[in-house]
Amino acid sequence: MMNGDRELIHQLIDGDLAPDQKEAVVRRVLADPALHEELLDLTAALRVVEEQGRVDATAGFTARVMRALPRSRPAGATRLREFLFGARVLRWNMATAAAVALVIVAGLAAIIMLRTDRGTREASTTVEAPVVVVRLELRAPTAHRVAVAGTFNRWNAEANQMARNEEGLWTATLPLEPGVYAYMFIVDGREWVADPNAPTVRDDGFGNRNSVMRVGI
Amino acid sequence: MDDALHSEERSVITDCINGDSDRYGVLVDRYRSMVYTLAYRMLGNTDAANDIAQESFLSAFLALREFGFRSKFSSWLASIVLNKCRDALRARRDTVPVDDLESVLPGKERSPEDRASARETGDIVQRALAQLPESYREIIILKHIEELDYREIAEVIGGSITGLKVRAHRARELLKDLLKERVVP
């Protein structure tokens with residue numbers, strides 16, 4: 001039996017064959033006793049596995065999980081744990097340096113503006129705590145709408161819509177307190193895109209990579 | 001994914017992030033069977049499976065802020081379970097030696113009645129799964145017990161669809177050899 005024959009059998013099992021291909025493979029299998037036996041053995045083995053189905057956890061499982069949950073809000077504890085002990089990957093290049101410089105310059109500019117012009121500023125700027133104005137951008141000429149979600153808005157995909165210019169560059173200006181923020185862009189409400197200019201990326205431990213920015217004074 | 005389910009889960013997760021941890025019970029009830037099955041089929045031990053299942057739900061709860069709704073919650077949760085199973089298996093390397101397996105599996109001389117025993121078949125299947133390399137075991141469980149398609153499997157364990165199919169094909173061949181003449185008529 002050739003490896004190609006085995007491959008055809010697995011494609012048959014996976015339902016990957018078009019009707020005419022399927023018919024041809026079935027004919028071939030029926031005409032070849034070794035191939036036929038291979039198919040029967042495979043399908044019988046898979047059948048007994050599939051018949052096992054799911055098994056449920058023991059009684060009271062849900063209650064035990066719920067009792068084990070932390071009583072305090074997880075957000076703060078998780079954020080602190082991530083900040084203190086979370087792994088950080090720094091990737092420096094010219095784009096990174098430029099992005100960091102942009103954040104720092106914007107931060108300094110915001111502080112100077114707050115200090116020199118506080119009396120005349122519009123109430124739209126938060127003045128309760130030091131605030132850094134961060135500008136995020138994503139080039140997506142074909143997108144119809146782009147938003148940014150992250151830890152600063154509890155991953156709300158609708159709260160911070162970005163504005164598009166004529167060249168297809170989407171921007172958002174966010175007044176943020178100093179801190180570390182994970183974020184992603186959401187293109188057309190469904191596609192989550194990392195920031196190609198993000199100074200840092202962070203794996204959440206389960207295969208997803210969030211963009212991360214450090215906003216400082 | 002079903003939009004209504006997705007929307008409800010999004011609402012539950014958002015509530016949990018905002019401090020309403022009681023709402024998490026909805027997700028635990030919904031996915032406890034999936035989580036426990038993955039853990040049990042990977043580890044082959046009910047106590048260990050219970051512990052891993054519970055730890056997985058707790059880890060997922062603590063990481064909800066990082067979830068980001070970029071995949072199905074069930075896929076994300078399954079990836080957490082499998083990560084924990086891999087860690088547990090690495091820690092104790094508790095796969096059943098082949099000799100041990102041979103002593104447990106019924107031989108060719110056993111009667112058809114014995115082979116028909118559902119419990120015995122379950123034991124045989126579980127021991128055959130334990131003999132598979134972990135990556136093969138994972139894909140057999142996800143494909144043939146959880147009945148995920150390859151796109152969903154890729155969400156859970158990563159990799160290309162083509163690569164996953166090749167892995168599934170090899171896993172099935174090995175599984176077939178392990179089960180042949182024991183449960184296969």
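**Stop 1: where the two chains meet**

Start by selecting the contact between the two chains of this predicted model: chain B contributes 56 residues and chain A contributes 53 residues. Together the two chains bury about 5200 Å² between them, and 57% of that area is on carbon and sulfur atoms. Now highlight B:Arg65, B:Glu66 and B:Arg70, which supply 17% of the area that chain B buries against chain A, more than any other three residues.

Next, show the side chains across the interface. How many salt bridges does the rule find between chain B and chain A? There are eight. To see one of them, pick A:Asp41 and B:Lys180, whose closest N and O atoms are 3.2 Å apart.

Which helix of chain B gives the largest share of the side that touches chain A? Select helix 2 of chain B, which supplies eleven residues of that side. If you color the side of chain B that touches chain A by residue type, you will get 26 nonpolar, 15 polar and 15 charged residues.

**Stop 2: a network of charges**

Stay with charged side chains and select A:Arg6, A:Glu38, B:Glu173, B:Lys176 and B:Asp177, which are linked in a network of salt bridges. Zoom in on A:Arg6 and A:Glu38, where the closest N and O atoms are 3.0 Å apart. This pair links distant parts of the chain, with A:Arg6 in helix 1 of chain A and A:Glu38 in helix 3 (residues 33-52) of chain A, 32 residues apart. Buried or exposed: where does A:Glu38 fall? A:Glu38 counts as buried at 6% relative accessibility, while A:Arg6 is partly exposed at 28%.

**Stop 3**

Select A:Arg28 and A:Asp5, which meet in a salt bridge with 2.6 Å from N to O. A:Arg28 sits in helix 2 (residues 19-31) of chain A and A:Asp5 in helix 1 (residues 3-14) of chain A, so this pair ties together parts that are 23 residues apart in sequence.

Hop over to chain B and select B:Glu138 and B:Arg86, a salt bridge whose closest N and O atoms are 2.6 Å apart. B:Glu138 belongs to helix 9 of chain B and B:Arg86 to helix 5 of chain B, so parts 52 residues apart in sequence are tied together. B:Glu138 counts as buried, at 4% relative accessibility. Over all chains, the count of salt bridges comes to 22.

**Stop 4: the strands of chain A**

Switch to a cartoon view of chain A, which has six helices and nine strands. Of its 217 residues, 40% count as buried.

Select strand 6 (residues 179-187) of chain A, where seven of the nine residues are buried. Which strands pair with it in the antiparallel sense? Here are three to click through:

- Strand 3 (residues 146-150) of chain A is joined to strand 6 by five bridges, and A:Ala149 has A:Met184 as its bridge partner.
- Strand 9 (residues 209-215) of chain A pairs with strand 6 over five bridges, with A:Tyr181 opposite A:Met213.
- Strand 7 (residues 191-193) of chain A pairs with strand 6 over three bridges, with A:Ile186 opposite A:Trp192.

In the hairpin of strands 6 and 7 of chain A, three residues lie between the strands, and A:Asp188 takes a positive phi near 55 degrees.

Now show the side chains of strand 3 of chain A. A:Val146, A:Val148 and A:Gly150 point one way, A:Ala147 and A:Ala149 point the other way, and all are buried.

**Stop 5: an open sheet**

Finish with the open sheet of three strands in chain A, which has the order 2-5-4 and antiparallel pairing. Why is one side of strand 2 (132-139) and of strand 4 (163-164) left without a neighbour in the sheet? Both stand at the edges, each with a single partner strand, so one side of each has no neighbour there. Strand 2 pairs with strand 5 (residues 169-176) of chain A over eight bridges, and you can find A:Val132 opposite A:Leu176 in strand 5.

Methods
Residues numbered from 1 in each chain as written. Chains lettered and ligands numbered in written order. Predicted model: local features only at pLDDT ≥ 70, side-chain atom pairs only at ≥ 80, totals over all residues. Heavy atoms only, no water. Contact = heavy atoms within 4.5 Å. Buried area = accessible area lost by both parts, 1.4 Å probe. Salt bridge = Lys/Arg side-chain N within 4 Å of Asp/Glu carboxyl O. Helix = DSSP H or I, 4+ residues; strand = E, 2+ residues; numbered from the N terminus. Nonpolar A, V, L, I, M, F, W, Y, C, P; charged D, E, K, R; others polar. Pairing = 2+ DSSP bridges. Buried < 20%, exposed > 50% of the residue type's maximum accessible area, 1.4 Å probe, protein only.
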